[in-house]
Structure formats: C-alpha cells, structure tokens
Amino acid sequence: LIYRPLLMSSVVPTLAQSRGVRIGLVDTIFLIVLASSCALSVPLVGALLTFALMIGPPAAARTLASRPLRALSMSILFSVLTLWAAIASSYLADWPVGFFVGTYGALLYVSVRAWVHYQSHSVTR
C-alpha cells in the first residue's frame, strides 16, 4: 500500500512532497512495519541475527536487481529461504539457528557479489 509513496519519498523527497505525498506519515508507517517485522523475528532468531537476516539477503537482492520492486521481491524470497535453510540445518546439525542464519546470509551476499563481478568481467573480455 505504501510502496510507491515510500519509493518516491526515499528517492526524491521534494518531488514527493510537491505531489502531495505526506512524507511524515509514510515514514511513520514504514517504521511501524519495520518494528513489527523485527519484533516478530526476534523470538525465532534473536536480536543480533534479526539484523543479519534483514541485511544480508536484501543486500544480495539489491546487487542482483535493477528495479526496486524486483529487489523487494527477491529480498523477501532470499530472506525466507535463508531462514528455512537455517532452521533445517540447525535441526540436522543440532547447532544454534543463529549460526546458520549469519553464515547463510553472509555466504549469499558474498556469492552474489562474486557472481556479479564475474559476469561483469566476462562481458568486457
């Protein structure tokens, strides 16, 4: 519901304000959504790993996608896959979920960056 106003107010706030977007309201709604997602994920993976889950997969998605909606969709997909893989790995290895969330998030980001770097250099050759 707030995708377009949030995108516009994030990229060009003066244009958004001139088009009638209430930037303060959009910012408040975004912060409520962010706080809710953090509060819902803390019981499962912990406070520090919530940070890892909200940074690694979205950073990988941003690296791959050139459009905001595609990056958002990929970010959600990567986060869910990272969390489910971490839960499954934790069950199988009998290690904490947090270890796998941090590891898989970092591996995802590093592998995406390496792949994009490789693709950009293979095109220029």
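**A close look at the helix packing**

Author: Ser90 counts as buried because its relative accessibility is 12%; buried means under 20% relative accessible area, exposed over 50% and partly exposed in between, with a 1.4 Å probe and protein chains only. This is a predicted model, in which local features need pLDDT of at least 70 and side-chain atom pairs count only at pLDDT 80 or more, while totals for chains, interfaces and linings use all residues. Residues are numbered from 1 along each chain as its sequence is written, and side-chain values use heavy atoms, with hydrogens and water left out.

Ser90 belongs to helix H5; helices (H or I, at least four residues) and strands (E, at least two) are DSSP runs, numbered from the N terminus. Setting aside neighbours within four places in sequence, Ser90 is in contact with Trp95, Pro96, Val97 and Phe100, where contact means heavy atoms within 4.5 Å.

Between H5 and H6 there is a loop, and Asp94 is found in it. Asp94 has a relative accessibility of 69%, so it counts as exposed. Its phi is near 60°, a positive value in a residue other than glycine. Most residues other than glycine have a negative phi.

Now the packing of H4 against H5. Their axes are 8 Å apart and the angle between them is about 135°; axes are lines fitted to C-alpha atoms, for helices over the stretch in contact, and angles run from 0 to 180 degrees between N-to-C directions. That angle makes H4 oblique to H5, because angles under 35 degrees count as roughly parallel, over 145 as roughly antiparallel, 65 to 115 as roughly perpendicular and the rest as oblique. On the H4 side the contact is made by Leu53, Pro57, Pro58, Ala60, Ala61, Arg62 and Leu64, and on the H5 side by Ala71, Met74, Ser75, Phe78, Ser79, Thr82 and Leu83. By class, ten residues of this contact are nonpolar, three polar and one charged; Ala, Val, Leu, Ile, Met, Phe, Trp, Tyr, Cys and Pro count as nonpolar, Asp, Glu, Lys and Arg as charged, and the others, Gly among them, as polar.

Next comes the core. Ala60, Ala61, Ala65, Ala71, Met74, Phe78, Leu108 and Val112 are the eight residues of the largest nonpolar core, a nonpolar core being a set of buried Ala, Val, Leu, Ile, Met, Phe, Trp, Tyr and Cys residues joined through side-chain atoms within 4.5 Å. Helix H4 (47-64), helix H5 (68-93) and helix H6 (97-124) each give two or more residues to this core. H5 gives the most, with three residues. Another core, of five residues, lies apart from it and includes Leu83, Ala86, Phe100 and Val101. In soluble globular proteins, nonpolar side chains tend to be buried together.

Val112 is found in helix H6 and, at 9% relative accessibility, counts as buried. Beyond its neighbours within four places in sequence, Val112 is in contact with Ala60, Thr63 and Leu64. Arg62 is 50 residues from Val112 along the chain, and their C-alpha atoms are separated by 9.9 Å. Val110 is also in helix H6, but its relative accessible area is 52%, so Val110 is exposed.
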